[in-house]
Amino acid sequence: MNKQELVEKVAEKSGISKNQAAKTINAVLETVTEELVNGGSVNLIGFGNFKVTDRKSRPGRNPTTGEVIEIPAAKVPRFTPGKALKDSVNK
């Protein structure tokens, strides 16, 4: 499912226009992104948790030349599914 299909489903299920659904989805995604950029986390009970973790630098290889390179440390967004979501998927 892509974003447009998600907008259509949300509009259909909530009884609002596609335009309103798109604005709502965009607002939710922007809010989650802003919170993660500011170092916070977003916890949606039953659905899951969004947070930022630190990934250490590590050695790697250039696949073209085989040369050993250092992959720099980075902050990485993570999603951990909640119990209700896991249970729904595994039914």
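Trainee: Which residues do ring pairs link into a cluster in this predicted model?

Mentor: A search of the whole structure finds two aromatic pairs. Phe47 pairs with Phe79, and Phe50 likewise pairs with Phe79. The cluster linked by these ring pairs is therefore made of Phe47, Phe50 and Phe79.

Trainee: What is the geometry of the aromatic pair of Phe47 and Phe79, and how is that pair classed?

Mentor: A pair of aromatic rings is described by the distance of the centres and the angle of the planes. For Phe47 and Phe79 the centres are 5.6 Å apart and the angle between the planes is 50°. Since planes under 30 degrees apart would count as stacked and those over 60 as edge-to-face, the pair of Phe47 and Phe79 is tilted.

Trainee: How many residues apart in sequence are the parts that the pair of Phe47 and Phe79 ties together?

Mentor: Phe47 is found in the loop between strand S1 (42-44) and strand S2 (48-55), while Phe79 belongs to strand S5, which covers residues 74-81. The pair therefore ties together parts whose separation in sequence is 32 residues.

Trainee: And how far apart are the ring centres of Phe50 and Phe79?

Mentor: Phe50 lies in strand S2 and Phe79 in strand S5, so this pair ties together parts that are 29 residues apart in sequence. The planes of the two rings stand at 45°, so the pair is tilted, and the ring centres of Phe50 and Phe79 are separated by 4.8 Å.

Trainee: Is Phe50 buried, partly exposed or exposed?

Mentor: The cut-off for a buried residue is under 20% relative accessible area. Phe50 has a relative accessible area of 21%, and so Phe50 is classed as partly exposed.

Trainee: Which residues make the nonpolar surface patch of about 260 Å²?

Mentor: A residue needs over 30% relative accessible area to belong to such a patch. Phe47 has a relative accessible area of 40%, and Phe79 has 35% relative accessibility, so both of these partly exposed residues pass that cut-off. The nonpolar patch of about 260 Å² is made by Phe47, Phe79 and Leu44.

Trainee: Turning to another loop, which residues does Glu67 touch, leaving aside residues up to four places away in sequence?

Mentor: Glu67 lies in the loop between strand S3 (58-61) and strand S4 (68-71), and at 47% relative accessibility Glu67 counts as partly exposed. With residues up to four places away in sequence not counted, Glu67 touches Gly60, Arg61 and Asn62.

Trainee: What distance separates the C-alpha atoms of Glu67 and Val37?

Mentor: Glu67 and Val37 are 30 residues apart along the chain. In the model, their C-alpha atoms are separated by 33 Å.

Terms used: Residues are numbered from 1 along each chain as its sequence is written. This is a predicted model: local features need pLDDT of at least 70, side-chain atom pairs count only at pLDDT 80 or more; totals for chains, interfaces and linings use all residues. Side-chain values use heavy atoms; hydrogens and water are left out. Rings of Phe, Tyr and Trp (its six-membered ring) pair if their centres lie within 6.5 Å; planes under 30 degrees apart count as stacked, over 60 as edge-to-face and the rest as tilted. Helices (H or I, at least four residues) and strands (E, at least two) are DSSP runs, numbered from the N terminus. Buried means under 20% relative accessible area, exposed over 50%, partly exposed in between (1.4 Å probe, protein chains only). Patches are made of residues with over 30% relative accessible area and no salt bridge: like charges are joined within 9 Å, nonpolar side chains (Val, Leu, Ile, Met, Phe, Trp, Tyr) within 5 Å. Accessible areas come from the Shrake-Rupley method with a 1.4 Å probe; for residues, only the protein chains shown count as cover. A salt bridge is a side-chain nitrogen of Lys or Arg within 4 Å of a carboxyl oxygen of Asp or Glu. Contact means heavy atoms within 4.5 Å.
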